[in-house]
Amino acid sequence: MAHRIGYLIGSLASDSINRTLARALVRLAPPSLELEEIPIRGLPLYNRDDELEPVEAVTEFKRAVESAEGLLFVSPEYNRSIPGALKNAIDWGSRPWGHNSFARKPSGIIGASTGAIGTAVMQSSMRSVLSFLNAPQLNAPEAYITFRPEVFGADGEVHDEGTRDFLAHYMEEYGAFVERVLSLTAPGHVGDR
Ligand SMILES: Cc1cc2nc3c(=O)[nH]c(=O)nc-3n(C[C@H](O)[C@H](O)[C@H](O)COP(=O)(O)O)c2cc1C
């Protein structure tokens with residue numbers, strides 16, 4: 001049976017290039033993966049006062065992360081770091097203490113930017129965050145995408161063969177990584193730290 005992968009898009013923009021990249025990844029994913037977005041748009045700003053009785057959007061978000069077998073973060077880089085909206089979602093998902101929704105979720109990080117280094121610095125920050133949250137990460141291949149509109153169609157078609165092959169390879173490797181991690185993860189441990 002296909003593994004259920006939740007993907008989080010780190011941009012709220014309606015014309016997000018990372019949403020376009022995510023569409024391409026969904027198209028190019030191997031049949032062993034079933035990808036569904038975990039939206040972050042409706043989350044309030046994280047406030048520790050509300051941790052124990054959060055609004056429904058937070059409960060739903062945590063439930064979606066916990067029910068996914070793996071996570072894929074598709075995000076821009078903002079000012080050489082993680083966009084606030086995505087970090088906010090991660091902060092909610094990590095709390096309250098002892099109920100970290102990200103623990104042991106096999107995770108991939110990929111992103112597109114209009115700049116030359118293709119979200120490399122954001123990805124480096126994400127690696128620290130996900131390490132702290134005990135989420136195993138695909139280390140290689142790394143995927144730093146400089147977005148070119150002539151390469152990516154709005155519906156996720158990829159017009160350049162080299163880029164298409166690279167992204168398909170990334171998703172193959174991510175799928176194999178998910179398999180490896182899930183085969184090593186004992187049931188009953190998901191959700192603890
Ligand atoms: C607040 C802000 C900060 C940005 N900082 C970076 C940056 O550090 N590195 C980079 O490559 N691009 C940066 N950009 C440009 C983004 O790569 C570009 O806006 C991209 O379209 C954002 O992705 P999105 O379309 O998925 O929202 C920044 C854009 C904004 C709005």
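Guide: One definition to start with: a residue is buried under 20% relative accessible area, exposed over 50%, and partly exposed in between, using a 1.4 Å probe and protein chains only. The model is predicted, so local features need pLDDT of at least 70 and side-chain atom pairs count only at pLDDT 80 or more, while totals for chains, interfaces and linings use all residues. Residues are numbered from 1 along each chain as its sequence is written, and side-chain values use heavy atoms, with hydrogens and water left out.

Visitor: What is the chain like over residues 4-146?

Guide: Over that stretch the chain is 33% helix and 18% strand, and its end C-alpha atoms are 28 Å apart. Helices (H or I, at least four residues) and strands (E, at least two) are DSSP runs numbered from the N terminus.

Visitor: Now the ligand. Which residues are around it?

Guide: S11, S16, I17, N18, P76, E77, Y78, N79, R80, S113, T114 and G115. To count, a residue needs a heavy atom within 4 Å of the molecule.

Visitor: How many of the shell residues are nonpolar, polar and charged?

Guide: The shell divides into three nonpolar, seven polar and two charged. Here Ala, Val, Leu, Ile, Met, Phe, Trp, Tyr, Cys and Pro count as nonpolar, Asp, Glu, Lys and Arg as charged, and the others, Gly among them, as polar.

Visitor: And what lies 2.8 Å from a nitrogen atom of the ligand?

Guide: An N or O atom in the E77 side chain is 2.8 Å from a ligand nitrogen. A polar backbone atom of N79 is also 2.8 Å from a nitrogen atom of the ligand. On the oxygen side, a backbone N or O atom of R80 lies 2.7 Å from a ligand oxygen. The protein covers 70% of the 620 Å² of accessible area that the ligand has on its own, with areas from the Shrake-Rupley method and a 1.4 Å probe; for residues, only the protein chains shown count as cover.

Visitor: Back to R80. What is its phi?

Guide: Phi of R80 is near 60 degrees, a positive value in a residue other than glycine. R80 sits in the loop between strand 3 and helix 3 and counts as exposed at 51% relative accessibility. T119 also has a positive phi, near 75 degrees, without being glycine. T119 is in the loop between strand 4 and helix 4, and it is buried, with a relative accessible area of 0%. Most residues other than glycine have a negative phi, and most peptide bonds are trans.

Visitor: Which peptide bonds are cis, then?

Guide: R95 to P96 is cis, with omega near -10 degrees, and so is A140 to P141, with omega near 5 degrees. P96 is in the loop between helix 3 and strand 4, and P141 in the loop between helix 4 and strand 5.

Visitor: New topic: how many aromatic pairs are there?

Guide: Three in the whole structure. Phe, Tyr and Trp rings (the six-membered one for Trp) pair if their centres lie within 6.5 Å; planes under 30 degrees apart are stacked, over 60 edge-to-face, and the rest tilted. Y46 and W92 are edge-to-face, 5.0 Å centre to centre with 70 degrees between the planes. Y46 is in the loop between strand 2 (33-37) and helix 2 (56-67) and W92 is in helix 3 (residues 84-93), so the pair ties together parts 46 residues apart in sequence.

Visitor: Buried or exposed, those two?

Guide: Y46 is partly exposed at 27%, whereas W92 is buried at 4%. Another pair, F73 with F102, is tilted: 6.4 Å between centres and 40 degrees between planes. F73 is in strand 3 (residues 70-74) and F102 in the loop between helix 3 and strand 4 (107-113), 29 residues apart. F73 is buried at 0% relative accessibility, and F102 is buried at 0% as well.

Visitor: What does the S101 side chain contact?

Guide: It makes polar contacts with the side chains of K62, at 2.8 Å, and E66, at 2.7 Å. A polar contact is a pair of N or O atoms within 3.5 Å; within protein, one must be able to donate a hydrogen and the other to accept it, and residues adjacent in sequence count only if both atoms are side-chain atoms. S101 itself is buried at 0%, in the loop between helix 3 and strand 4.
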